[in-house]
Amino acid sequence: QVQLVESGGGLAQPGGSLRLSCATSRIMFTFYAMGWYRQAPGKQRELVGSITPGDSTNYADPVKGRFTISRDNAKNTVYLQMHSLKPEDTAVYYCNTAPSKFDWGQGTQVIVSS
């Protein structure tokens, strides 16, 4: 059973930074593009960005220039580095393949507030 385990969320001030981690399986890592998603209260889950096995990345317009996705193949881990955080970045953040194919993990909460 494939598991996705997100971590690294917390409270950040506007303009601050956080780094999220997503641990997953080697099979998923090897064959799929991986994506970071987020779901704000009362809103649908949205794709924040993705990274292919070849390290090509794409980002949603609201986070371009502020967020960076990377992957560590030796650790089967995907990272989301977030800078210049804004209150509208507040959400539960999830990882999955891009497009999503597997059961969602528990996510990690990010709150951006002064």
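Which residue in β10 is the bridge partner of Gly 10? In this predicted model, in which residues are numbered from 1 along each chain as its sequence is written, local features need pLDDT of at least 70, side-chain atom pairs count only at pLDDT 80 or more, and totals for chains, interfaces and linings use all residues. Side-chain values rest on heavy atoms, with hydrogens and water left out. The partner of Gly 10 in β10 is Val 110.

Strands are DSSP runs of E of at least two residues, and helices are runs of H or I of at least four residues, both numbered from the N terminus. Two strands are taken to pair if DSSP finds at least two bridges between them. Strand β2 (residues 10–12) runs parallel to β10, to which 3 bridges join it. The arrangement of β9 and β10 is antiparallel, likewise with 3 bridges; here Ala 91 stands opposite Val 110. In a regular strand the side chains alternate between the two faces of the sheet. In β10, the covered face carries Thr 108, Val 110 and Val 112, while Gln 109 and Ile 111 belong to the uncovered one.

Strand β3 spans residues 18–23 and includes Ser 21; Leu 20 is also placed in β3. Relative accessible area, computed with a 1.4 Å probe on protein chains only, defines residues as buried under 20%, exposed over 50% and partly exposed in between. Leu 20 counts as buried because its relative accessibility is 0%. Ser 21, at 17%, is therefore buried. Contacts are defined by heavy atoms within 4.5 Å. With neighbours within four places in sequence set aside, the contacts of Leu 20 include Trp 36, Tyr 93, Thr 108 and Val 110. Under the exclusion of residues up to four places away in sequence, Ser 21 touches Val 5, Glu 6, Ser 7, Trp 36, Thr 77, Val 78 and Tyr 79. Leu 20 and Phe 102, separated by 82 residues in sequence, lie 19 Å apart in space, C-alpha to C-alpha.

Particular backbone geometries occur in the loops. Between β9 (91–97) and β10 (108–112), the loop contains Pro 99, and the peptide bond from Ala 98 to Pro 99 is cis, with omega near 0 degrees. Asp 55, in the loop between β5 (46–51) and β6 (57–59), has a positive phi near 75 degrees. Asp 55 is partly exposed because its relative accessible area is 48%. Asn 76, in the loop between β7 (67–72) and β8 (77–82), has a positive phi of about 50 degrees although it is not a glycine. With a relative accessible area of 13%, Asn 76 is therefore buried.
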